[in-house]
Amino acid sequence: MSPPNMTEMIDGLNSLGYYTARTHFCLTGIKTAAPLDVIEKWISDWNEGK
């Protein structure tokens, strides 16, 4: 499973209604209100759509 582009992931989770943004201390980190199962499903769906 490949990791998504950070901007795509942030936009995707935001479009589902979960606040998501980059962290200030890690270039590949995000902060989000989305539960882990939603994040995992979004990444899985993103990989299937590639």
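# Reading a predicted model

User: Which residues does Met9 touch, leaving aside its neighbours within four places in sequence?

Analyst: In this predicted model, Met9 is in contact with Pro4, Ile30, Ile39, Trp42 and Ile43, once neighbours within four places in sequence are set aside. Contact here means heavy atoms within 4.5 Å.

User: What makes up the largest nonpolar core?

Analyst: The core has 8 residues: Met9, Leu13, Ala34, Val38, Ile39, Trp42, Ile43 and Trp46. H2 gives the largest share, 5 residues. As a general point, nonpolar side chains tend to be buried together in soluble globular proteins.

User: Which residues of H2 are buried, and what covers them?

Analyst: Val38, Ile39, Trp42, Ile43, Trp46 and Asn47 are the buried residues in H2. Their cover includes H1 and strand S2 (30-32).

User: Why is Thr20 called buried?

Analyst: Buried means under 20% relative accessible area. Thr20 has 4% relative accessibility, so Thr20 counts as buried. Thr20 lies in strand S1.

User: What makes the link between the side chains of Thr20 and Thr32 a polar contact?

Analyst: The cut-off for a pair of N or O atoms is within 3.5 Å. The side chains of Thr20 and Thr32 are joined at 2.8 Å, a polar contact. Thr32 is also among the residues in contact with Thr20, including Ile10, Leu13 and Asn14.

User: How many residues does H2 have, and what span is expected?

Analyst: H2 has 13 residues and reaches 18 Å from its first C-alpha to its last, close to the 18 Å expected at 1.5 Å a residue.

Methods. Residues numbered from 1 in each chain as written. Predicted model: local features only at pLDDT ≥ 70, side-chain atom pairs only at ≥ 80, totals over all residues. Heavy atoms only, no water. Core = buried A, V, L, I, M, F, W, Y, C linked by side-chain atoms within 4.5 Å. Buried < 20%, exposed > 50% of the residue type's maximum accessible area, 1.4 Å probe, protein only. Helix = DSSP H or I, 4+ residues; strand = E, 2+ residues; numbered from the N terminus. Expected span 1.5 Å × (residues − 1). Polar contact = N/O pair within 3.5 Å; in protein donor to acceptor, adjacent residues only side chain to side chain.
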